[in-house]
Amino acid sequence: MAEKDLISWNSMIACYAQDGKCLNALKFFAGILHMRNGANSVTFTSALAACSDPDFITEGKILHNLVIVSGLHENLIVGNALVTMYAKSGRMVEAKKVFQAMPMRDEVTWNALIGGHAENEEPHEAVKNFKLMREEGLPANYITIANILGAFLTLDNLLKHGMPIHAYIVLTGLESDPFVHNSLITMYAKCGDLNSSNYIFNGLTNKNAVAWNAIIAANANHGLVEEALNLFVNMRRAGVHLDHFIFTECLTATATLAMLEEGQQLQSLALKLGFHSDSFVANATMDMYAKCGEMDDVLRIIPQPQERSRLSWNILISTFARHGCFKEAKETLNEMLKLGVQPDHVTFVSLLSACSHGGLVDEGLAYYHSMTKEFGIPAGIKHCVCVVDLLGRSGRLAAAETFIKEMPVPPTDLVWRSLLAACKIHGNLELGRKAAENLFKLDPLDDSAYVLYSNVCATTGRWEDVEILRKKMGSNKIKKKPACSWVKLKNKIDSFGIGDKSHPQTRQIYEKLEELKKRIKEAGYVPDTSYALHDTDEEQKEQSLWNHSERLALAFGLINTPESSTVKIFKNLRVCGDCHSVYKFVSGLLRRKIILRDPYRFHHFSDGSCSCSDYW
């Protein structure tokens, strides 16, 4: 263009902001200032939108100062943009200050504030401002309702706020709005009431793509992956237009149960429909391959370093961490930094987790300190859990306890559970009791707290305490989460519980286990009966170990796969230490590669050894 007026410049800033290219938008904003074209309210609104990301909060504050200098701080549209920017960056204190200083407020202002509280998981503040908005005589619209429903994440939220607001929606006639009923589907599912989500969805006469996306995500988040995929099939049959959101949700669902074949089919369909280049779909595909144990496929499809988004870098670091490739995880971070991509809180969760599972205590602590001091990323609860786990696994329990006392955020159940698990590993009864007491205070019905503390008591020989805990669980009707292992062969998932005898191949499975037991004992295997947490004789303890779900899945996998192939097994709980030893012996004797995924990482067994080097 030979001549460019302010509208031209504003259009470019708005386009870059909408495309998420913050730096480009800010460069054009700087160009306006340099050419003295006179930035107006539209200019600032678009530039502030570009800064609605925690990484650009410093630039956002500079823009805020320029707004004041330009005399636009009382402009309603600019004020709304400031509230939105601070809210989306998680700076609710600043957002409220701007909100309170505004001479005029409209529905957009209130929606921005309520939405900020919802995104930052502050349901009570969101409800409080919803009431204040109504007291000021401003009507709630579909955006208001969608925002506030997004704040409710627990059953308590649902009963106190969610259901009364649902009643308000019905009374005001907003229930017919597609955005509102989709938000209701999501709210009920997130609060644990999937039946209500399904009821609302089934009652819709016109199910659009957003409604299908909402119900598929609801089922996937509840672990009903096969139901989510069936819904996807029904969505296609109904002729509903597929978008990148639905592919992302379904790929994430297949990753949960490591359904590789289904994930590959989704990738092929996304490629056919032209969604393969979408960043969300591409990253979900990478994550699916990573969680299915297919590292080569992750490395094959990841974009070139210069073209990678930060999310892609994070997935790659997380993949290396899960598979025990700690050196590669660190090298990936260094490469990322060289290319000018700044890490975020997710990057450091992956790095700290990698250090924890690799026993790299000093390196992990160095990452934790550099995160706040060098990169200005505040420590969140997930980072703190990783550090407690890092110190606890390595036996530095006193340091872990001190760290908890000095944490920048209040300890949650995740922190105490991690400490309690470490006490079980190292047999520290006294500290284990403290951790358990804190867990019981947070949730008296937490089954994992009872199980972990019972394990600590068992490993230290306190069988009377174990019996007391079991009776307490029984009287409170608390049930232990059952262990489950599964193998995916072709289009079928075969799952096993402890001592499971319901499988059609039960006889062959137990015969295989007896054969394996004999062979590995001849090779030097000695059972570690400390993992059989029952006050019984040694023979009974050993037999209970051979009933573990991961051994049943191993026997099934060996029976039903070619001798030269890799056996892949998945478990919902941490692998037992004695089972880990069995897997090593079997991989060496049978010359079979075995991959076991538990909730925390992958174990690659080959030639009698494991990728975790027996530290996990």
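This is a predicted model: local features need pLDDT of at least 70, side-chain atom pairs count only at pLDDT 80 or more; totals for chains, interfaces and linings use all residues.

Me: Which residue just after H21 takes a positive phi?

Reply: Residues are numbered from 1 along each chain as its sequence is written, and side-chain values use heavy atoms, with hydrogens and water left out. Helices (H or I, at least four residues) and strands (E, at least two) are DSSP runs, numbered from the N terminus. Just after H21, a positive phi of about 70° is taken by Gly 359.

Me: How far apart are the end C-alpha atoms of H21?

Reply: The expected span of a helix is 1.5 Å times one less than its number of residues. H21 covers residues 345-358, which is 14 residues, so it should span 20 Å. The model agrees, as the end C-alpha atoms of H21 are 20 Å apart.

Me: Which residue caps the N-terminal end of H21?

Reply: Look for a polar contact, meaning a pair of N or O atoms within 3.5 Å; within protein, one must be able to donate a hydrogen and the other to accept it, and residues adjacent in sequence count only if both atoms are side-chain atoms. Here a side-chain oxygen lies 3.1 Å from the backbone nitrogen of Val 346. That oxygen belongs to the capping residue, Asp 344.

Me: Which helices do the buried residues of H21 pack against?

Reply: Buried means under 20% relative accessible area, exposed over 50%, and partly exposed in between (1.4 Å probe, protein chains only). The buried residues of H21 include Phe 348, Leu 351, Leu 352 and Cys 355. With contact meaning heavy atoms within 4.5 Å, the buried residues of H21 pack against helices H19, H20, H22 and H23.

Me: Is Thr 285 buried or exposed?

Reply: Thr 285 sits in helix H17, residues 279-291. Its neighbours in contact include Leu 251, Gln 267 and Ile 301, and a polar atom of its side chain lies 2.7 Å from the backbone oxygen of Val 281. Because its relative accessibility is 5%, Thr 285 counts as buried.

Me: What is the relative accessible area of Thr 566?

Reply: Thr 566 lies in the loop between helix H31 and strand S3. It touches Lys 593, Ile 594 and Ile 595, not counting residues up to four places away in sequence. Thr 566 is partly exposed, with a relative accessible area of 36%.

Me: What is the radius of gyration of the protein?

Reply: The protein has 32 helices and six strands. The radius of gyration is taken over C-alpha atoms, and the globule rule is 2.2 Å times the number of residues to the power 0.38. For 616 residues that rule gives 25 Å, and the protein's value is close to it, so the protein is as compact as a globular protein of that length. The radius of gyration is 27 Å.
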